[in-house]
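Here's a quick briefing to read with the model open beside you.

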Amino acid sequence: FVFTMATVEELKLRVRELENELIKCKQKQYHVTFMLLMSKCELVYFLTLICMNFVLQMFVQKIRTFTVAVVGVGGVGSVTAEMLTRCGIGKLLLFDYDKVELANMNRLFFQPHQAGLSKVEAAEHTLRNINPDVSFETHNYNITTMENFTHFMDRISHGGLEEGKPVDLVLSCVDNFEARMAINTACNELGQIWMESGVSENAVSGHIQLIIPGETACFACAPPLVVAANIDEKTLKREGVCAASLPTTMGVVAGLLVQNVLKYLLKFGTVSYYLGYNAMQDFFPTMAMKANPQCNDRYCRRQQEEYKKQEAERPKVKVVEVEEEVVHEDNEWGIELVSEVTDAELQAASGSVPDLPEGITVAYTIPAKVSVVYSVKDIYSNV
Ligand SMILES: [Zn+2]
C-alpha cells in the first residue's frame with residue numbers, strides 16, 4: 001500500500017477516536033459498578049454532594065470551551081496539564097522537544113516505563129486515559145529554532161478549540177531563558193495573554209506571572225536577574241550539571257499556576273499578576289508590574305500604544321482611586337506586602353461563618369480586623 005500523508009493522518013485520527021470511544025465505554029462500566037456498590041446511605045450522601053457541586057458543575061461546563069497551550073511538559077508543565085485535563089479543559093496544546101528520562105523520576109507525572117518516549121507523546125497518552133473528552137494537539141519540537149517558532153506562532157493564533165481561532169491562554173512552563181524569550185516574542189507580536197512560571201535552580205522558590213501584552217510588564221520589560229547582571233546563561237547552566245529539583249516546589253508552583261488560570265478563565269476571585277513562593281520561609285509575595293515604555297521588544301512597545309489608545313477611548317467611570325505608595329523597606333527581598341483587598345471583598349471571599357460552639361473558629365476564615373500592612377521585617381524580626 002502507498003499511503004499519502006493525508007490518509008495516514010486520517011487513519012491516526014480515526015484510531016484516536018476509536019481509542020477515546022473505548023475509554024469512555026470502560027469508564028461507563030466503572031460508574032455503573034460504583035453506583036451498585038454504594039449503600040442507600042452512601043447514595044444519599046453522594047446525591048447531596050452532587051447538589052452542592054451544582055455551582056462547580058457550572059464551572060465545569062464553562063471550562064470545556066477553553067483552549068490552553070502548555071509550553072514545556074517537564075516538572076511544572078506536566079502537572080499543570082494533568083490538572084487542566086482533570087478540570088475538563090476543552091483543548092490542550094503541548095509543546096516540548098525533550099524525552100522522558102529515568103533520572104527525572106523524582107518529579108511528578110511521568111513513569112519509568114515511559115523512559116525514552118517523547119514527553120508530549122507520553123503525556124498525551126496518560127492524559128487521554130484520564131479524560132478522553134479533552135482534545136490534544138502535541139508538538140515534539142524546540143520552539144526556539146526559526147522554522148519551529150513560525151509554526152508555534154501559527155498554532156497559538158489558529159489552534160483553538162474551533163480551528164482557526166486563537167488559543168485562550170499560553171502557559172510557559174519551560175526551564176530556560178531562551179524559550180521564555182521566544183514565548184514572550186510570540187505573545188507580544190500576537191497580543192496573546194500568557195502566564196509565566198518558574199522554579200529556581202536551588203528548587204526552594206518559584207513564581208507565576210500573568211502577562212497581558214501592552215498592559216503589564218512583559219518578560220523583556222523587567223529584565224530577569226541573568227540579564228540584569230549580564231551573565232551568560234550558558235555559563236550558569238553547565239552540561240551534565242543537573243539543577244536541584246523538588247516535586248514539592250514544582251507541585252506548589254503548578255498548583256498556583258492552574259489556580260490562577262481557572263480564576264482568569266472562569267472569572268472568579270482575584271487573578272494574580274505576580275505571585276512568588278519562597279519555600280524556606282513560606283513567603284508569598286505579590287505585586288503588579290506595568291509595562292516598560294523603553295522595553296527592547298518593539299511589539300511590546302506597539303502593544304503599549306494600542307493599550308493606551310483603548311484606555312483613552314474607554315468611557316470614563318468616576319471612581320476615586322487612592323494610590324498607595326509602596327515603600328520598599330530594607331529587607332532581604334526589597335518588597336513590602338500590602339493587603340490589596342477591601343474588607344468587603346475579604347468578607348465575600350470567606351463566605352458566611354457557620355454557627356459554632358464557643359471557642360471554636362473556622363481556620364480559613366479571615367479575622368474580623370486585619371491590619372493593613374505587614375512588613376517582612378516585622379514578621380521575621382523576632383525569629
Ligand atoms: Zn515589554
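A salt bridge here is a side-chain nitrogen of Lys or Arg within 4 Å of a carboxyl oxygen of Asp or Glu. This is a predicted model, so local features need pLDDT of at least 70 and side-chain atom pairs count only at pLDDT 80 or more, while totals for chains, interfaces and linings use all residues. Residues are numbered from 1 along each chain as its sequence is written, and side-chain values use heavy atoms, with hydrogens and water left out.

**The chain as a whole**

- The protein chain holds 13 helices and ten strands; these are DSSP runs numbered from the N terminus, with helices being H or I of at least four residues and strands being E of at least two.
- Out of 383 residues in the protein chain, 36% count as buried (buried is under 20% relative accessible area, exposed is over 50%, partly exposed is in between, with a 1.4 Å probe and protein chains only).
- Take the contacts in the protein chain with a separation of 6 or more: 66% of them are between residues 24 or more positions apart (contact means heavy atoms within 4.5 Å).

- Cysteine 218, in the loop between strand 6 (205–211) and helix 8 (225–228), is 77 residues from cysteine 295, in the loop between strand 8 (286–287) and helix 11 (298–313), and the pair links distant parts of the chain.
- Cysteine 218 and cysteine 295 are both buried.

**Salt bridges**

- The whole structure has 16 salt bridges.
- In one of them, glutamate 162 pairs with lysine 165 at 3.4 Å, N to O. Glutamate 162 is exposed at 52% relative accessible area, and lysine 165 is partly exposed at 45%.
- Salt bridges with shared partners also tie Arg16, Glu19, Glu124 and Arg128 into one network.
- Arginine 128 and glutamate 19 bridge at 3.0 Å, N to O. That pair links distant parts of the chain, with arginine 128 in helix 5 (residues 119–130) and glutamate 19 in helix 1, 109 residues apart.
- Arginine 128 is buried at 10% relative accessible area, whereas glutamate 19 is partly exposed at 35%.
- Arginine 14 meets glutamate 17 at 2.7 Å, N to O, in another salt bridge. These two sit three residues apart in helix 1 (residues 5–37), so about one helical turn separates them.

**Helix packing**

- Helix 7 (residues 177–190) and helix 11 have axes that come within 8 Å and cross at roughly 35 degrees. Axes are lines fitted to C-alpha atoms, for helices over the stretch in contact, and angles run from 0 to 180 degrees between N-to-C directions.
- Asn188, Glu189 and Leu190 of helix 7 make that contact with Tyr299, Cys300 and Gln303 of helix 11.

**Two buried helix residues**

- Asparagine 260 is in helix 10 (residues 247–266) and is buried at 2% relative accessible area.
- Beyond its neighbours within four places in sequence, asparagine 260 touches Met195, Ile208, Leu210, Thr270, Val271 and Ser272. Methionine 195 is 65 residues from asparagine 260 in sequence, with 8.9 Å between their C-alpha atoms.
- Serine 78 belongs to helix 4 (residues 77–87) and is buried at 1% relative accessibility. Leaving out neighbours within four places, serine 78 is in contact with Val73, Leu108, Phe109 and Phe110.

**Positive phi**

- Most residues other than glycine have a negative phi.
- Alanine 203, not a glycine, has a positive phi of about 70 degrees. Alanine 203 lies in the loop between strand 5 (194–199) and strand 6 and is buried at 1%.
- Aspartate 282 also has a positive phi, near 50 degrees. Aspartate 282 is in the loop between strand 7 (274–278) and strand 8, and is exposed at 53%.
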